[in-house]
Amino acid sequence: MATTAFLEFTVVVRPQSNFVNTSYLQQLHSHRPFLSLSIPKSAAALSFTQSQGFGCAIERQQCDRGDFVQLSAVRELAGSLISAQGHRFAIVVARFNDLITKKLLEGALNTFKSYSVREEDIDVVWVPGSFEIGVAAQQLGKSRKYQSILCIGAVIRGDTSHYDAVVNAATSGVLSAGLNSGTPCIFGVLTCDTLEQAFDRVGGKAGNKGAEAALTAIEMASLFEHHLKPLQ
């Protein structure tokens, strides 16, 4: 997995005016390593933590009483990829293009096994095609039996616009299933122009996207279980 680099530094400021220069917001957005600020005269120092790709957290260290700048430490929540033991998963698999989907399923099962998920804690549900994935995933999510639902399919472009219709339906279906059920539903549907592209993504030069989707399912299961569990 990619690591996030953090830079910590303290900016000692020289009094300029009684307001914060709004240009620093644009600098934060572009993730520049150096910031130039104008802050109230009474402020002594600020501590900045810059995260490449994840924004910035700002924490006040020393400020005199009466300053209008109110800052606090940011609490970060994240799922764990250490182990998924004890979590239950469902995998919805489209039967159409099963030369591809079976390899995606195999990659997902191998990943779950390597993260200590027991076979009896995984249910595989077959549906006719990618179009039907969403409704099955939503029903499984609403059952509250699983910490995450992995949705696997393969849509390969043909000579008609049928490809676009199925891709749009599969994408919105998986998204709606997660939103409506409150259970993370992971999109593991390949959308490729050619069969060769699909094979590249099920163990070829692009890796196995089923295995990658299983990692996402594990992380989201952990995040919801430990931090975002809905009220019963």
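The legends below describe close-up views of a predicted model. Residues are numbered from 1 along each chain as its sequence is written, and side-chain values use heavy atoms, with hydrogens and water left out. Because this is a predicted model, local features need pLDDT of at least 70 and side-chain atom pairs count only at pLDDT 80 or more, while totals for chains, interfaces and linings use all residues.

View 1. A nonpolar core is a set of buried Ala, Val, Leu, Ile, Met, Phe, Trp, Tyr and Cys residues joined through side-chain atoms within 4.5 Å, where buried means under 20% relative accessible area, exposed means over 50%, and partly exposed lies in between (1.4 Å probe, protein chains only). The largest such core has 25 residues, of which Phe89, Ile91, Ile100, Phe112, Leu150, Ile152 and Leu190 touch the most other members. Another core, of 19 residues, lies apart from it and includes Ala90, Ala136, Ala137 and Ala177.

**View 2. The surroundings of Phe112.** When residues up to four places away in sequence are not counted, Phe112 touches Phe89, Ile91, Val117, Ile122, Leu150, Ala214, Ala217 and Ile218, a contact being heavy atoms within 4.5 Å.

**View 3. Helix α2 and its buried side.** The expected span of a helix is 1.5 Å times one less than its number of residues, so the 17 residues of α2 should span 24 Å, and this agrees with its end C-alpha atoms, which are 24 Å apart. Its buried residues are Ile100, Thr101, Leu104, Leu105, Gly107, Ala108, Thr111 and Phe112. They lie on the same side of α2 because they cover an arc of only 160° around the axis, the arc being that of the directions from the helix axis to the C-beta atoms. On the face turned away from this buried side, α2 carries the exposed residues Leu99, Lys113 and Ser114. Following α2 is Ser116, whose phi is positive, near 70°.

**View 4. Strand β4 and its partner β5.** Six of the six residues of β4 are buried, so this strand is largely enclosed by the rest of the structure. Phe89, Ile91 and Val93 point one way from β4, whereas Ala90, Val92 and Ala94 point the other way. In a regular strand the side chains alternate between the two faces of the sheet. β4 pairs with strand β5 (residues 122-127) in the parallel sense over six bridges, and two strands count as paired if DSSP finds at least two bridges between them. One of these bridges joins Ala94 to its partner Val127 in β5.

View 5. Elsewhere, salt bridges that share partners join Arg118, Glu120 and Asp121 into one network. Glu120 is exposed, with a relative accessible area of 53%, while Asp121 counts as buried at 6%.

Terms used. Helix = DSSP H or I, 4+ residues; strand = E, 2+ residues; numbered from the N terminus. Salt bridge = Lys/Arg side-chain N within 4 Å of Asp/Glu carboxyl O.
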